[in-house]
Amino acid sequence: MTAIPFAGVSPDLIYKVAEATGVEVRGKHNDYVTQGNFARHTGASCFSPVINIMRDPRWGRNQETYGEDPYLSGIYAASFTRGLQGNDTRYVRASGGCKHFDVHGGPENIPVSRFSFDAQVSERDFRMTYLPAFKRCVEAGTFNLMCSYNKINGIPACVNKELLIDIARNEWNFTGYVCSDGNGVHHVIEDHHYFNNSVDTVAACINAGCNMELSRLRTPVYSSLVDAVNQGKVTEDRVREMVAPLFYTRMRLGEFDPPEMNPYSRLSSADVETDDHKALAVEAAIKSFVLLKNDGVLPLKLPAGSLKFDAVGIFGPMADTAVQIMGSYAPEAPREDIVTALEGLGKVASDVHFASGCNYTQCNAYDSEAVVKGVSGTQVNFVMLGTGQAVETEFIDRADLELPGQQKALLMDVLDNTPADVPIILLLFNAGPLNISFADQDPRVSAILECFFPAQATGDALRHVLLNDVDGAVPAGRLPYTWPLHASQIPPMVNYSMEGRTYRYIDPSSAPPLYPFGYGLSYTTFNYTATITADVIHAGEPLKGEVTVSNEGNVVADEVIQVYIRWMDDTLPAPRLQLAWFDRVTVAPGQNGDVTVPFEVEARTMALWISDGWRITPGLMEVYVGGQQPFQKRTAPSNVVTMQFRITGSKYLGRY
């Protein structure tokens, strides 16, 4: 399938993607069981989704996350979990597992190893940023949480009783199982040096709430469990208690029932890469693209009376790769089902001038001559740059935000040798932000489209969006993170304070980003009107409202409605701003196409962690409704409606 950034997609589409994933996982699993194949990656228990907060743009695993906002990540986590697991009352299609629990978001390897890193986090940041998405995942019914590699305030996550028992089980009523990350229990000994033997380690993990060890070692640490029981370091009753959720999950997957009882047993490999799933891959890719810049050249207009351009130029290492457009841990799609950017966009011209220019994605060796030669005689030039798994992935952080190797030189060669009347479109395939401020400011770059890792449907999705030749192809994706203007705006990777990180805690007047969280352009403009049902609510009540979106252009387009709230009392320990609701709607031009939808801000979204728990405090609040974040220097061409309401009374919601 494809990577899914911010509200460029709706929770409903997340659900559909997860549903298709669950069908394919279960279908292949059923065939593996029939074949007696129980090797790695053949099961129906999934370690997905990854819902860690994207707290640092250099972290190698940002591509696996939903973004920097805990509310957004929680909504998506719940949608994905429900879609994956299915809605049968007895059986589970494929069991979900939210990871990595919890204070985890870099480093991988720069400046220190994740296997020994100690994330020092305040109670408030812990509760207000790192935990909320996991709570929503538990509420959605996930069967598994995976404890992370790092320490949290001095205690490795997989032996962290506060995290695994006090919070997950006692505060959230989590009834599933906790699994270590791969070899994570071993790292408790080898890298954290928290214990010096396997008996003490397995006893501590079991007593702290880690049900299962995921290990690639010949002798896993949990092999010493019997010795730990015999030495009185863990009781047999505790072992039975910890095994129960594992067998319960297997029961819900239907492992102990006749196959004919389980509706999911009818799925097979014939349900993989179906036409419907291929169409969904195209839709998800289209809806994930974020248009960052457009001088009016997009959507592309074919020459009068022609179905194609005479010649286009396609340049860059991301153009003709079937691997680097895939996110990490993507399934291995058949090559015949993968459409690269070159293959997709090559269909828009009679002649394609292609030059990768780079030896690999890292672009350590660059062929300037081939690129300069290729720009001659074209009507449009596409430059496809980025990182792929080769540059940012698990185990690999980025030392900076620069384009890899000589990719910038490639772009400059295209800019310097393309005639002024030939549009240049920059297509980016990356997870975290890149330093492209020069391209954003250069008038020779007509458009910039952030594509992320669009996976198997990349080429088809790009062609549709750039030409707007099918319904639903107008870009409406929004950035899931703050895109810094300068690397100097980023705090050190090892600093886990949220101060100066994400739109919630960055002052845009003192550190203006290149592109703000929630930013994205369209081929049309929108106008918003909005109302709230009450300007005074009692603490613990939701805030309800209604928003009408008008399309002021001449094309049918999707728009992402974003609702933010702000605490007006500066003495409160509140974020600067908080996303509180979002959805994606389709809006036709003209008054008859206006779309009116209700929205609701949950009471808990108005709560703050104060002292020993979540509290809703009295006072004045502001709510902002529009297609973007308020108070930004860089804005989309639509308005934001500002309203105020007052909370009366106070309410303690407890510890969670």
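Author: **The cysteines and their bonds**

Cys98 and Cys137 form a disulfide, with their sulfur atoms 1.8 Å apart. A disulfide is a covalent bond between the sulfur atoms of two cysteines; here it is assigned to a pair of cysteine sulfur atoms within 2.5 Å. This is a predicted model, in which local features need pLDDT of at least 70 and side-chain atom pairs count only at pLDDT 80 or more, while totals for chains, interfaces and linings use all residues. Residues are numbered from 1 along each chain as its sequence is written, and side-chain values use heavy atoms, with hydrogens and water left out.

The torsion about the S-S bond of Cys98 and Cys137 is about 75 degrees, so this disulfide is right-handed. Cys98 lies in strand E1 (residues 97–101) and Cys137 in helix H4 (residues 132–139), so the pair ties together parts that are 39 residues apart in sequence. The helices (H or I, at least four residues) and strands (E, at least two) are DSSP runs, numbered from the N terminus. Cys98 counts as buried because its relative accessibility is 0%, and Cys137 counts as buried at 0% as well. Buried means under 20% relative accessible area, exposed means over 50%, and partly exposed is in between, using a 1.4 Å probe and protein chains only.

The structure holds 3 disulfides. Another of them joins Cys147 and Cys158, whose sulfur atoms are 2.1 Å apart. The torsion about the S-S bond is about 100 degrees for Cys147 and Cys158, so this disulfide is right-handed. The pair links distant parts of the chain, 11 residues apart: Cys147 is in strand E3 (residues 144–147), and Cys158 is in the loop between strand E5 (155–156) and helix H5 (161–171). With a relative accessible area of 0%, Cys147 is buried. Cys158, at 1% relative accessibility, also counts as buried.

There is also a disulfide between Cys358 and Cys363, with 2.0 Å between their sulfur atoms. Here the torsion about the S-S bond of Cys358 and Cys363 is about -65 degrees, so the disulfide is left-handed. Both Cys358 and Cys363 are buried.

How are the bonded cysteines of the protein chain paired in sequence order? Numbered in that order, they pair 1-2, 3-4, 5-6.

Cys46 is in no disulfide, and the nearest cysteine sulfur, that of Cys98, is 11 Å away. At 14% relative accessibility, Cys46 counts as buried. Cys205 is in no disulfide either; for Cys205 the nearest cysteine sulfur is that of Cys210, at 5.2 Å. Cys205 is buried, and its relative accessible area is 0%.

To put the two kinds side by side, Cys98 is bonded to Cys137, whereas Cys46 is in no disulfide, with the sulfur of Cys98 as its nearest cysteine sulfur. Cys46 is buried at 14% relative accessibility, and Cys98 is buried at 0%.
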